[in-house]
Amino acid sequence: MQRDEILKQLMERELFSKDEYLILPDGFEDAFLGVTAIKPSKAVYSYWKCLDIIMQQDGTDFDESIDWLDEFTNEDLGVHTPIYIKLI
């Protein structure tokens with residue numbers, strides 16, 4: 001799903017209010033799972049899919065990619081910081 005389609009679906013389904021905002025990191029559209037049910041709304045991503053995207057796009061090995069992703073996912077962007085879930 002592309003970024004525009006994600007935003008369209010979120011708006012049509014009213015999954016967050018007009019006075020809220022979401023942080024949608026570039027390049028991880030295919031890892032997007034949805035949004036949280038609690039407020040403030042946060043975007044939710046598959047950690048493992050994000051890792052796969054990084055390895056494919058950047059051509060980096062597993063260890064380099066996981067180091068980068070761990071640093072990226074630990075950045076505090078405030079109350080709207082996306083959530084990255086490690087599905088089992």
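Visitor: What distance does helix α2 reach from its first C-alpha to its last?
Guide: Helices here are DSSP runs of H or I with at least four residues, strands are runs of E with at least two, and both are numbered from the N terminus. Helix α2 covers residues 47-58, twelve in number. The expected span of a helix is 1.5 Å times one less than its number of residues. For α2 that expectation is 16 Å, and the helix comes close to it, reaching 16 Å.

Visitor: What pLDDT must side-chain atom pairs have to count here?
Guide: Residues are numbered from 1 along each chain as its sequence is written, while side-chain values use heavy atoms, leaving out hydrogens and water. This is a predicted model, in which totals for chains, interfaces and linings use all residues, local features need pLDDT of at least 70, and side-chain atom pairs count only at pLDDT 80 or more.

Visitor: In what order do the three strands form their sheet?
Guide: Two strands pair if DSSP finds at least two bridges between them. Strand β1 (residues 32-35) is antiparallel to β2 over three bridges, whereas β2 and β3 run parallel over three bridges. The pairing is therefore mixed, in an open sheet, and the edge strands β1 and β3 each pair on one side only. The order is β1-β2-β3.

Visitor: Which residue of β3 is the bridge partner of Ser 46?
Guide: In β2, Ala 43 and Tyr 45 point one way, Val 44 and Ser 46 the other, and all are buried. Ala 43 stands opposite Val 35, and Tyr 45 has Tyr 84 of β3 as its partner. For Ser 46, the partner in β3 is Ile 85.

Visitor: At what distance from the backbone oxygen of Gly 78 is a polar atom of the Thr 81 side chain?
Guide: Thr 81 sits in the loop between α3 and β3, and counts as buried because its relative accessibility is 12%. Setting aside neighbours within four places in sequence, Thr 81 touches Ile 23, Lys 42, Glu 75 and Asp 76. A polar atom of its side chain lies 2.7 Å from the backbone nitrogen of Leu 77. For the backbone oxygen of Gly 78, the distance is 2.7 Å.

Visitor: With which side chain does the side chain of Glu 29 make a polar contact?
Guide: Glu 29 lies in the loop between α1 (3-12) and β1, and is buried, with a relative accessible area of 19%. A polar contact is a pair of N or O atoms within 3.5 Å; within protein, one must be able to donate a hydrogen and the other to accept it, and residues adjacent in sequence count only if both atoms are side-chain atoms. The Glu 29 side chain reaches the backbone nitrogen of Gly 27 at 3.3 Å. Its side-chain partner, at 3.3 Å, is Arg 3.

Technical notes. Buried means under 20% relative accessible area, exposed over 50%, partly exposed in between (1.4 Å probe, protein chains only). Contact means heavy atoms within 4.5 Å.
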